[in-house]
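Dear colleague,

Please find the structure below, together with its sequence.

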Amino acid sequence: MRLGNTGLKVSKICLGMMSYGDPESWSGWVLPEEQAEPIVRKAADGGVTFFDTADVYSAGASEIVTGNLLRKIFPRREDYVLATKVRFPVGKAANDGGLSRKHIMASIDASLARLGTDYVDLYQIHRWDDETPIEETMEALHDIVKAGKARYIGASSMLAWQFGKAQHVADKHGWTKFVSMQGHYNLLYREDEREMNPLCVDQGVGLIPWSPLARGLLARAGTEQDTTRQVGDGARQQQLYGGPADATILANVADLAAKRGVAPATLALAWLLHQPGMTAPIIGATKERHVDDAIAAAGLTLSPEEQSALTEPYQPRPVSF
């Protein structure tokens, strides 16, 4: 699978590494390195070669775990595609956050040191920064690419006009443009279908959505089971989900998954993989079966009628990043 219009080939599933790091500095649902290793190995054995993290996850510990495990599991650096992100503060100083040139230049070096590599394949801005001119951000990212510290650059959740402005600034100055968009997109949240996704499809930008299973809600469709993360992040989950159509959508996912003989997570991810411009949803996995369910989605074909049954109940909701 190519990432957008680039020549970079990635697996259809991306393993998100936010679930691994330091449970003491981040959250109780995060797994330390020794518990994460069998899960990451299972993903690699199943053909996953695309891995995404961020400097802010576990205050940098996720990058350390990611680098350690990928070096241990893969024979060569060229055997996998590594992505990380910059914006949110890891330290407490005035310039420890944002998308200023100062912070970006310091952050890429810090990320590479934690990851134990000379370069990342994809360096992404972790949301928009209202306090920094986009020209400053795009030039700094371009310089990082030219220095060989990143092969490509990407963006994450923002408004379509912001993304268009960033791409225009880069094009105007001959700087490196974004090749991917990591947006919020799943069966319970589809607001990016209005503007962002069509823009990316038109411009050949690959979609690599976060929370493709709606923080586990879609994976647990048909059950009442709460997870450790759901309990710990309840306020955030209520902010993102809980719309009037969610119960119907979840019931339809559970019903169709049972009819097809697959896990609800497999069905929800398969739907996502059928959407225009989709490259690789970023899944979180804290159990080996989570990896199995995700990999199975890549081989599941849904009919137009099945897709309609999943999408028809949806009701528009406020934009949330």
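Predicted model: local features only at pLDDT ≥ 70, side-chain atom pairs only at ≥ 80, totals over all residues.

Residues are numbered from 1 along each chain as its sequence is written, and side-chain values use heavy atoms, with hydrogens and water left out.

The count comes to 14 salt bridges (a side-chain nitrogen of Lys or Arg within 4 Å of a carboxyl oxygen of Asp or Glu). One of them joins Asp121 to Arg77 at 2.9 Å, N to O. These partners lie 44 residues apart, Asp121 in strand E4 and Arg77 in the loop between helix H2 and strand E3. Asp121 is buried, at 7% relative accessibility (buried is under 20% relative accessible area, exposed over 50%, partly exposed in between, with a 1.4 Å probe and protein chains only). Arg77, at 17%, is buried too.

Arg194 and Glu191 form another salt bridge, at 2.6 Å, N to O; Arg194 is exposed at 55%, whereas Glu191 is buried at 6%.

Turning to the helices, the axes of H5 (residues 160-173) and H6 (residues 196-203) come within 9 Å and cross at roughly 25 degrees (axes are lines fitted to C-alpha atoms over the stretch in contact, with angles from 0 to 180 degrees between N-to-C directions; helices are DSSP runs, H or I, of at least four residues, and strands, E, of at least two, numbered from the N terminus).
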